Amino acid sequence: MQDTELLQFIHKTAQMGVESLRDIEPMVRENALYNAISSQIREYRYIAGCANRMLEERGESSPGPGTFSKVSSGVMTAVKMMSDNSSSKIAEMVIQGNTMGITKGTKHLNDYTGNDRQVQALAKKLIATEQANVEQMKPFL
């Protein structure tokens, strides 16, 4: 995996994090959880912006999540929340999403064959952010 491919993964993952959390945000009733989700959205936006700038510097584009991914994520969120929109359920869903991100991000970082330290650092920042998000959600379980 080269620089562009890893940066596109980082951008797509961060954008998906923003969109997934934005789907959940209106359903949150607890202030502390709402603030945590809002903070995570800001962090994902920052990471996506960094990846986008790095891609533009290389003359590349930053594709976001596809339409199918967005729609299916929104539908899955709505279905899961119909029967239970408690803070615990929301935290559980966020933890599951972050855990997938940690797994895929770590795999992509391990497959990275480039040597750009900024790209590596951004990938590590994404993984660390997702790990921190998991810890931030645990008290709401």
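## Basis of the description

Helix axes are lines fitted to C-alpha atoms over the stretch in contact, and the angles between their N-to-C directions run from 0 to 180 degrees. Helices themselves are DSSP runs (H or I, at least four residues), numbered from the N terminus. The model is predicted: local features need pLDDT of at least 70, side-chain atom pairs count only at pLDDT 80 or more, and totals for chains, interfaces and linings use all residues. Residues are numbered from 1 along each chain as its sequence is written, and side-chain values use heavy atoms, with hydrogens and water left out.

## Packing of α1 and α4

Helix α1 (residues 3-24) packs with helix α4 (residues 87-111) at an angle of about 180°, and their axes are 11 Å apart. Because of this angle, α1 is roughly antiparallel to α4 (a term for angles over 145 degrees).

In this contact (heavy atoms within 4.5 Å), α1 contributes Leu6, Phe9, Leu21 and Ile24, while α4 contributes Ile90, Met93, Val94, Lys104, Gly105, His108 and Leu109. Sorted by class, the contact has 8 nonpolar, 2 polar and 1 charged residues. Here Ala, Val, Leu, Ile, Met, Phe, Trp, Tyr, Cys and Pro count as nonpolar, Asp, Glu, Lys and Arg as charged, and the others, Gly among them, as polar.

## The nonpolar core

A nonpolar core is a set of buried Ala, Val, Leu, Ile, Met, Phe, Trp, Tyr and Cys residues joined through side-chain atoms within 4.5 Å. Buried means under 20% relative accessible area, exposed over 50%, and partly exposed in between (1.4 Å probe, protein chains only). The largest such core has 37 residues, and those with the most contacts inside it are Leu6, Ile10, Ile37, Leu122 and Met137. Helices α1, α2, α4 and α5 each give two or more residues to this core, and its largest share, 11 residues, comes from α2.

Leaving aside residues up to four places away in sequence, Leu122 touches Leu7, Ile10, Ile47, Cys50, Ala51 and Met54.

## Salt bridges

The whole structure contains 5 salt bridges (a side-chain nitrogen of Lys or Arg within 4 Å of a carboxyl oxygen of Asp or Glu). One of them joins Arg58 and Asp116, at 2.4 Å from N to O. This pair links distant parts of the chain, 58 residues apart: Arg58 lies in the loop between α2 (31-57) and α3 (67-83), and Asp116 in the loop between α4 and α5 (117-137). Arg58 is partly exposed at 26% relative accessible area, whereas Asp116, at 19%, counts as buried.

Arg22 pairs with Glu25 in a salt bridge whose closest N and O atoms are 3.4 Å apart. Arg22 is partly exposed at 43% relative accessibility, and Glu25 is buried at 12%.

Note on methods
Angles under 35 degrees count as roughly parallel, over 145 as roughly antiparallel, 65 to 115 as roughly perpendicular and the rest as oblique.
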